[in-house]
Amino acid sequence: MSFTPNHSAQATSSAVVNTNTATLKIDGRTGEGGGQIIRTALSLSMLTGIPIEITNIRAGRAKSGLMRQHLMCVQASQQISNATVTGAALGSSSFRFAPNAIQSGDYHFDIGSAGSTNLVLQTLLPALLFANTNIQAASTVTIKGGTHNPLAPTTDFLQHAFVPALAKLGMQVDIEYSQAGFAPIGGGVIKATITPFMRRAGSQPLTLTERGTLTNIALVASVLNLEYDIGKRELASATATLMDSGVDDTLMTSNTNHLDGIGEGNTCSALVTHQYGNQIHQEMFTLLGEKRTSAEKMGNRLAGLVKRYLFKTNALVDEYLSDQLLLPLALSGGGEFTARIISQHTETQAWLIEQFLPVEISFEAIDEQKNLVRVII
């Protein structure tokens, strides 16, 4: 597969040539039918130069149409690709997007709510990885909003699971956040530095299929303007539950910390590391604190996520990272990995990628009892 992204005939990145400029019409009710269709379609439209028209946006949701964070995805994509956009406004059920050249640069976006900064970043990231590759100009993207949102990857997840996976493909991305933001106030700030991707000659497709040896489980609890003891109790509960299930306590570390920011919030996470030969793989499981749910129950739930991954499957890649790996793999030359589960979210992502790129994404059940699926691109 060869790919020339939509910005320069002289670009030397690996990618997909598209000379068809007819508008691609996308029904927003397809598959999972959520905001992911908007984000991935915008990414691929910018990369390929194919104009899009999305209709029936989030039609099955309680609040249909474009919400503030979705609108920010459109507006931010418009800015980095000098796109022509019509119909995009809060509550819109359809819009058209026709991109021009992707430009690297120093970008700043404010969602204006606690909407997910991480989902906005993931919309822009693929395009900026291929921006102006002939001059190797890195881009920075600063986004203000929520950093820890329900139904979205946290900034911690991007830093410790997603970015290391991109690094295996040769994609250089750095993400930091100076302030955390939780609903309903937000106010979090993240900054990403994105280096244009150049696929090295002779590089092999990525293979993430074998777990190898469990080397560490790093448990972390963070509080924003709440009692420090909440995090300590979460981690004590998670540690005790994992030890009761047979996890070697010498493999576990724990740390509680205070976050900077406005409002209040709490998050706990487990970073599970395996090593196979020279290859290290990290999966992160995160939870957000809930009112009327005790710290002990949160810790027990976190341990439950880890136990499901360790003992109920032999797959290397868990559900959420599976979903997010598809597009980088498709853009970088393909590969394969073993997944615990293929969600409707992931199936929709695969379908949408295939609408833009000359790739085939297949899901092959290896062992249903062990929740093991092979994903091949």
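Guide: Strands are DSSP runs of E with at least two residues, numbered from the N terminus. Please note that the model is predicted.

Visitor: Which loop holds Pro-184, and is the peptide bond from Ala-183 to Pro-184 cis or trans?

Guide: Pro-184 is found between strand 7 (173-179) and strand 8 (188-194), in the loop that joins them. Most peptide bonds are trans. The bond from Ala-183 to Pro-184 has an omega near 5°, and its form is cis.

Visitor: At what angle do helix 1 and helix 3 cross, and how are they oriented to each other?

Guide: Two packed helices are described by the angle between their axes and the distance between the axes. Helix 1 (residues 35-48) and helix 3 (residues 117-129) have axes that come within 8 Å and cross at roughly 20°. Angles under 35 degrees count as roughly parallel. Helix 1 and helix 3 are therefore roughly parallel to each other.

Visitor: Which residues make the contact between helix 1 and helix 3, and how many of them are charged?

Guide: Helix 1 contributes Arg-39, Leu-42, Ser-43, Met-46 and Leu-47, while helix 3 contributes Leu-119, Gln-122, Thr-123, Pro-126 and Ala-127. By class, six residues of this contact are nonpolar and three are polar, and the number of charged residues is one.

Visitor: How are helix 1 and helix 8 oriented to each other, and what is the handedness of their crossing?

Guide: The axes of helix 1 and helix 8 lie 10 Å apart, and the packing angle is about 25°. With angles under 35 degrees counted as roughly parallel, helix 1 and helix 8 are therefore roughly parallel to each other. The crossing of helix 1 past helix 8 is right-handed.

Visitor: Which residues meet where helix 1 packs on helix 8, and how many of them are polar?

Guide: From helix 1 come Gln-36, Ile-37, Thr-40, Ala-41, Leu-44, Ser-45 and Thr-48, and from helix 8 come His-345, Thr-348, Gln-349, Leu-352, Ile-353 and Phe-356. This contact has six nonpolar residues and no charged ones, and the number of polar residues is seven.

Visitor: Is Gln-349 buried or exposed, and which residues does Gln-349 touch?

Guide: Gln-349 belongs to helix 8 (residues 344-356). Because its relative accessibility is 8% and buried means under 20%, Gln-349 counts as buried. Leaving aside residues up to four places away in sequence, Gln-349 touches Gln-36, Thr-40, Asp-323, Leu-326 and Leu-327.

Visitor: Are Cys-73 and Cys-268 buried or exposed, and how many disulfides does the structure hold?

Guide: Cys-73 has a relative accessible area of 1% and is buried. Cys-268 is also buried, at 1% relative accessibility. A disulfide is a covalent bond between the sulfur atoms of two cysteines. The number of disulfides in the structure is zero.

Visitor: What is the phi of Leu-151, and is Leu-151 buried or exposed?

Guide: Most residues other than glycine have a negative phi. Leu-151, which is not a glycine, has a positive phi of about 60°. Leu-151 is in the loop between strand 6 (139-145) and helix 4 (155-168). Since exposed means over 50% and its relative accessible area is 89%, Leu-151 is exposed.

Visitor: Where does Asn-225 lie, and what is its phi?

Guide: Asn-225 lies in the loop between strand 10 (213-224) and helix 5 (228-244). At 46% relative accessibility, Asn-225 counts as partly exposed. Asn-225 is a residue other than glycine with a positive phi, near 55°.

Definitions and conventions. Residues are numbered from 1 along each chain as its sequence is written. This is a predicted model: local features need pLDDT of at least 70, side-chain atom pairs count only at pLDDT 80 or more; totals for chains, interfaces and linings use all residues. Side-chain values use heavy atoms; hydrogens and water are left out. Axes are lines fitted to C-alpha atoms, for helices over the stretch in contact, and angles run from 0 to 180 degrees between N-to-C directions. Helices (H or I, at least four residues) and strands (E, at least two) are DSSP runs, numbered from the N terminus. Angles under 35 degrees count as roughly parallel, over 145 as roughly antiparallel, 65 to 115 as roughly perpendicular and the rest as oblique. Contact means heavy atoms within 4.5 Å. Ala, Val, Leu, Ile, Met, Phe, Trp, Tyr, Cys and Pro count as nonpolar, Asp, Glu, Lys and Arg as charged, and the others, Gly among them, as polar. Buried means under 20% relative accessible area, exposed over 50%, partly exposed in between (1.4 Å probe, protein chains only). A disulfide is a pair of cysteine sulfur atoms within 2.5 Å. A crossing is left-handed if the near helix is turned anticlockwise from the far one by less than a right angle, and right-handed if clockwise.
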